There are 2 protein chains.
Amino acid sequence: MAWNLQSDRPIYAQLVEEIQRRIVTGVYPAGSRLPAVRELAVEASVNPNTMQRALAKLEEDGLLYTQRTSGRFVTEETERIMQAKEEMAADLIRRFIESMGTLGYTSEQAMELIKKQKEEEQCKI
Amino acid sequence: MAWNLQSDRPIYAQLVEEIQRRIVTGVYPAGSRLPAVRELAVEASVNPNTMQRALAKLEEDGLLYTQRTSGRFVTEETERIMQAKEEMAADLIRRFIESMGTLGYTSEQAMELIKKQKEEEQCKI
DNA sequence: ATTATTGTATTAGGCTCTTAATACAATAAT
DNA sequence: ATTATTGTATTAAGAGCCTAATACAATAAT
């Protein structure tokens, strides 16, 4: 599991996204315990403070909760997790369509281009 | 024409994207003269230095060129402009499919969701 | 009781981005 | 020739992000 952090955007924001991605895809299952802040920080090669900041945000969003000295856990509310996943996808779609729109492409044209790009991928393999 | 600058990403990078968008969509036609740095800076509500930085990048990319005291102009090479447009679209698609992939969606599912989202848009109107 | 592990808070410093205020350089317009 | 307009460069200051180094607080494990 790579963290793939870029320097063109705040790191803590990228950490939030990556952890959220791991939650909604089941890498960190509902109810499971997360690695400790310090462990996660080492794994992602960031400062514990930065990781802490990201985790605090996810807690604020209700995807994580803390048990003082046992550690942090993914929420047991699977409904909340599915909702987060759908929101993430909807957001990606909305932003994609909007960006393609400003370039002058309709959703239909966008879907056509996705098909084409996929066909090209097929040839590569 | 709005600039829509966000605070979660370097402003100069957003300026590059917006000006590039205006070039490839013909808002700033091939060969035409751009407003002066200071004018653009006022229009976008940013510091002239920041706008200068964005323009220098676009010049480096070959989409603009400078005539010392007459101003800056969009390249006359329409081929270069079309290429830039296609690159921008391809990049958006690649990143979109990649992000949807990390969420567990295939390109087919992504296209399905685009369709659905579009149908919902229809209902709203 | 003691120890280790957990989350959390604080302080200092460096880095990049952004703004602000100038100044300079070149040339088109007058 | 003079003036105005163009791009460009410089310096200083402030804000946000990140790291580093600590220290503290709570509790599970021993």
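Tutor: Sorted by class, the surface near DNA strand D holds eleven polar, seven charged and six nonpolar residues. Near means that a heavy atom of the residue lies within 4 Å of the strand. Nonpolar covers Ala, Val, Leu, Ile, Met, Phe, Trp, Tyr, Cys and Pro; charged covers Asp, Glu, Lys and Arg; the others, Gly among them, are polar. This is a predicted model, where local features need pLDDT of at least 70, side-chain atom pairs need 80 or more, and totals for chains, interfaces and linings use all residues. Residues are numbered from 1 along each chain as its sequence is written, chains are lettered from A and ligands numbered from 1 in the order written, and side-chain values use heavy atoms, without hydrogens and water.

Which residues come nearest? Of the 24 around DNA strand D, they are A:Ile11, A:Asn49, A:Thr50, A:Thr69 and B:Arg72. Of its atoms within 4 Å of the protein, 64% belong to sugar or phosphate, and the rest to bases.

Some atom pairs can be named. An N or O atom in the side chain of B:Arg38 is 3.0 Å from a base nitrogen of DNA strand D. Helices (H or I, at least four residues) and strands (E, at least two) are DSSP runs, numbered from the N terminus. H3(A) gives the most, with three residues.

Look along that helix. H3 of chain A spans residues 48-60 and includes A:Pro48. A:Pro48 has a relative accessible area of 36%, so it is partly exposed. The scale runs as follows: buried is under 20%, exposed is over 50%, and partly exposed is in between, with a 1.4 Å probe and protein chains only. Beyond its neighbours within four places in sequence, A:Pro48 is in contact (heavy atoms within 4.5 Å) with A:Val37 and A:Ala41. Its C-alpha atom is 9.8 Å from that of A:Ala36, twelve residues apart along the chain.

Helix H1 of chain A is next. A:Glu18 has its place there. At 11% relative accessibility, A:Glu18 is buried. Its side chain makes a polar contact of 3.0 Å with that of A:Arg21. A polar contact is a pair of N or O atoms within 3.5 Å; within protein, one must be able to donate a hydrogen and the other to accept it, and residues adjacent in sequence count only if both atoms are side-chain atoms. Not counting residues up to four places away, A:Glu18 also touches A:Ala2 and A:Trp3.
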